[in-house]
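User: Please take me through this model in short questions and answers. Keep to what can be computed from the atoms.

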Amino acid sequence: MKLIPIYLLIFIGMSNAYADDLENIKAANFMKKLEAYSATHSSNQDILLKFAQLKNPTESQTSMYFLTICNYKRNLERAEKLIDDNPEYAQYIDGAILPSIQDQLDYARHLAKVLDNSEFECDY
C-alpha cells in the first residue's frame, strides 16, 4: 500500500476549504440578488398603491403607472428565474417565497396584458 504524501493531503484539505468559501460566496451573492429584487418589488408596489389612491392622475403619473407595471412584472420574472436557476440555494430562503412570487407574477401579467397594443405595452 502506497502512502499519500503529507503535502498532497494538505493541498486536498485546502482545496476543500476554498470550495466551501466559494460556495458561501455564491450563496451570499444569490441572497444579495434576491434582496435587490425584493427592494425593487417594494418600490414598485409603493408606486402602484400611490397611483391607486390618486383621484385625478396627471398624464405623467399615468405614464409612470404603466411603466411601473412593466417593471413590476419584469422584476418578478427575474426573481422567479433566479430561484429556478439556482435550486441549490433553496435552503437559504423561505419555502413560501417562490409560490408568493408566482402568485404576484400572475397578477402582474394580468395587469401587463391590459397594456397590450398600447404605447405602454411591455415589449420585452
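User: Is Cys 70 buried or exposed?
Analyst: This is a predicted model, where local features need pLDDT of at least 70, side-chain atom pairs count only at pLDDT 80 or more, and totals for chains, interfaces and linings use all residues. Residues are numbered from 1 along each chain as its sequence is written, and side-chain values use heavy atoms, with hydrogens and water left out. Buried means under 20% relative accessible area, exposed over 50%, and partly exposed in between, with a 1.4 Å probe and protein chains only. Cys 70 has 7% relative accessibility, so it counts as buried.

User: Which residue does a disulfide join to Cys 70?
Analyst: A disulfide is a covalent bond between the sulfur atoms of two cysteines. Here it is assigned to a pair of cysteine sulfur atoms within 2.5 Å. The count by this rule is one. The S to S distance is 1.9 Å, and the partner of Cys 70 is Cys 122.

User: What is the handedness of the disulfide of Cys 70 and Cys 122?
Analyst: The torsion about the S-S bond decides it. For Cys 70 and Cys 122 that torsion is about -90°, so the disulfide is left-handed.

User: How many residues apart in sequence are the parts that Cys 70 and Cys 122 tie together?
Analyst: Helices (H or I, at least four residues) and strands (E, at least two) are DSSP runs, numbered from the N terminus. Cys 122 is buried, with a relative accessible area of 15%. Cys 70 lies in helix 2 and Cys 122 in the segment after helix 3, so the separation of the tied parts is 52 residues.

User: What pattern does the protein follow along the sequence?
Analyst: The protein has three helices and zero strands. Read along the sequence, the pattern is α-α-α.

User: Where is confidence highest in the protein?
Analyst: pLDDT is the predictor's confidence in each residue, from 0 to 100. The protein averages 84, and 84% of the residues score at least 70. Helix 1 (residues 6-52) has the lowest mean, at 80. The highest, at 93, belongs to helix 2 (residues 59-85).

User: Which class of aromatic pair do Phe 51 and Tyr 65 form?
Analyst: Rings of Phe, Tyr and Trp (its six-membered ring) pair if their centres lie within 6.5 Å; planes under 30 degrees apart count as stacked, over 60 as edge-to-face and the rest as tilted. The structure holds four such pairs. Phe 51 and Tyr 65 are 4.1 Å centre to centre, with 15° between the planes, which makes the pair stacked.

User: Which helices hold Phe 51 and Tyr 65?
Analyst: Both residues are buried. The pair links distant parts of the chain, 14 residues apart. Phe 51 is in helix 1 and Tyr 65 is in helix 2.

User: Why is the pair of Phe 66 and Phe 120 tilted?
Analyst: The ring centres of Phe 66 and Phe 120 are 4.9 Å apart. The pair is tilted because the planes of Phe 66 and Phe 120 meet at 50°.

User: Where does Phe 120 lie?
Analyst: Phe 120 is buried at 17% relative accessible area, whereas Phe 66 is partly exposed at 21%. Phe 66 is in helix 2, 54 residues apart from Phe 120. Phe 120 lies in the segment after helix 3 (97-114).

User: What is the phi of Asn 117?
Analyst: Asn 117 is found in the segment after helix 3. Asn 117 is exposed, with a relative accessible area of 74%. Although Asn 117 is not a glycine, its phi is positive, at about 65°.
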